[in-house]
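Here's a friendly walk through one protein structure, for anyone meeting it now. Have a look before reading on.

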Amino acid sequence: MVVRRGADAYHCGIDAAMDVIGGKWKVLVLWALDERPHRFGELRRALDGVTEKVLASHLRELEGDGIVHRKDFGEVPPRVEYSLTPLGRSLNDALAPLGDRGRANIGGVPPEPGEAVRDLGQPVGG
């Protein structure tokens, strides 16, 4: 179980945000759930290389932080679906510019200063 620090222990907002999304797989879970709700097995297949233990742990942490909603259908065999909460969607919106920057710099060439970047690395208005 991850223990979050108290509000006064953070140096800045980025420090607090990284406490929630830190780890190799959490941002990828958010990305996958942004498309649509997923069952556990679907998520595991979508995130090639994640272990069942790590995925389960990250989903519990994200649920505890109010980022992910877990819906248990109460069926046999068990059926559970994960989706983003409004807070999770707003977090994905905040991460979108970081993803844009990453896509634009995959080749190692940084954009010109002040150049805004959109999907597929296309400059805004270009």
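What follows covers a helix, a few strands and a pair of side chains.

Keep in mind that this is a predicted model.

Let's begin with helix α2, which spans residues 26-35. Its buried residues are Lys26, Val29, Leu30, Ala32 and Leu33. Look down the axis of α2 and those buried residues fall within an arc of 165°, so they line one face of the helix.

Now for the strands. Strand β3 takes up residues 80-84 and is mostly covered, with 4 of its 5 residues buried. Which strands pair with β3, and over how many bridges? The table has the answer.

| Strand | Residues | Partner | Direction | Bridges |
|---|---|---|---|---|
| β1 | 38-39 | β3 | antiparallel | 2 bridges |
| β2 | 68-72 | β3 | antiparallel | 5 bridges |

Tyr82 is a handy spot to look at in β3. This residue is the bridge partner of His38, and Tyr82 is also the bridge partner of Arg70.

Last stop: the aromatic rings. How many aromatic pairs does the structure hold? The count is 0.

Definitions and conventions: Residues are numbered from 1 along each chain as its sequence is written. This is a predicted model: local features need pLDDT of at least 70, side-chain atom pairs count only at pLDDT 80 or more; totals for chains, interfaces and linings use all residues. Side-chain values use heavy atoms; hydrogens and water are left out. Buried means under 20% relative accessible area, exposed over 50%, partly exposed in between (1.4 Å probe, protein chains only). The arc is that of the directions from the helix axis to the C-beta atoms. Rings of Phe, Tyr and Trp (its six-membered ring) pair if their centres lie within 6.5 Å; planes under 30 degrees apart count as stacked, over 60 as edge-to-face and the rest as tilted. Two strands pair if DSSP finds at least two bridges between them.
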